[in-house]
Structures are given as C-alpha cells and as structure tokens.
Amino acid sequence: MDAVISLERYEIEKLLYSRILDEHKDKQDDLQIELNVYLTEDKKKGKVAISAEYTDVDSIKMVSATINGYFEINVEADGENYLATNGVAILFPYLRSAISMISTLDSDDAIVIPTYNVLNLLDNYEETQSPN
C-alpha cells in the first residue's frame, strides 16, 4: 500500500544568513514560521512551502530560509489536509538541518531552531485559508 503522500523532491528556495542585527537589537530570540500549501488542478500533485526566520540575539545571528517540497498525492479525498499535515512533518527536519548547517560555516556555534508545535502551525494555516 502506498503512503497517502510521497515526497518526490525538495529544494531550498531561499537561505539567508546574517550577523547584522541592527533592526533586531531590541528583540529577544524569535522564531517566525509560515506555511503555504498548493495543489494541482487534478489534486494529484502538491507543493508545501515552509519559511522560517530565526534571530539568535546572544550569538548575533539571523537566518531566514524557505524550503519547498513537491509531493505526489495518493488518495482521492482530503488530499490537501494530508499534504499540509504530512508534508510539514516530512519537510521540517530538512529546514532545521539547512539552518543549522549554514550557521556553522563561520563558527562552531550552530543555530538550532527550537522544536515547533506543527499542530499550531497547521491551525494558523487553516485560519488564513478560511473565508471570512
């Protein structure tokens, strides 16, 4: 039996790293995450895009990344829900890894973004998608 969605490939759309935190000088450590889900017209393929921006004030580092995952959807009903839920769970480790890897290129002090409640992310996504 096939999984409800299958990852075909992923790509890093954006990966920015900075030690210039002038605009963040009064902030505390901060993690912002955004989710977008797209389906083809026939609903057999989909794309999940996760963006994260993290500021680590103590180590004077800021990183911003967007990762896209392209999936095949193997179910007839509720494909967007499966894509959002499972797609985020599949892609999030790739996002965390890319952020950690880029942050260690100039020092041993890696940025490890905190674990994130994916259910809250999905709830926020559903709220933005609901018609008002």
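**Salt bridges, sheet and surface of the predicted model**

With a salt bridge taken as a side-chain nitrogen of Lys or Arg within 4 Å of a carboxyl oxygen of Asp or Glu, the count comes to 3 salt bridges. The structure is a predicted model, in which local features need pLDDT of at least 70 and side-chain atom pairs count only at pLDDT 80 or more, whereas totals for chains, interfaces and linings use all residues. Residues are numbered from 1 along each chain as its sequence is written, and side-chain values use heavy atoms, with hydrogens and water left out.

One of these pairs is formed by Lys 45 and Glu 8, with an N to O distance of 2.6 Å; Lys 45 lies in strand 3 and Glu 8 in strand 1, so the pair ties together parts that are 37 residues apart in sequence. (Helices, H or I of at least four residues, and strands, E of at least two, are DSSP runs numbered from the N terminus.) Arg 19 forms a salt bridge with Asp 106, the closest N and O atoms being 2.6 Å apart. Because Arg 19 lies in the loop between strand 1 and strand 2 and Asp 106 in the loop between helix 1 and helix 2 (118–129), this pair ties together parts that are 87 residues apart in sequence. Arg 19, at 37% relative accessibility, counts as partly exposed, as does Asp 106 at 41%, where buried means under 20% relative accessible area, exposed over 50%, and partly exposed in between (1.4 Å probe, protein chains only).

Along the sequence the chain follows the pattern β-β-β-β-α-α. The 4 strands form an open antiparallel sheet in the order 1-4-3-2, two strands being paired if DSSP finds at least two bridges between them. Strand 1 and strand 2 (30–39) are the edge strands, each pairing on one side only. Strand 3 (residues 45–56) and strand 4 (residues 61–73) are joined by 12 bridges, and Ser 51 has Thr 66 in strand 4 as its bridge partner.
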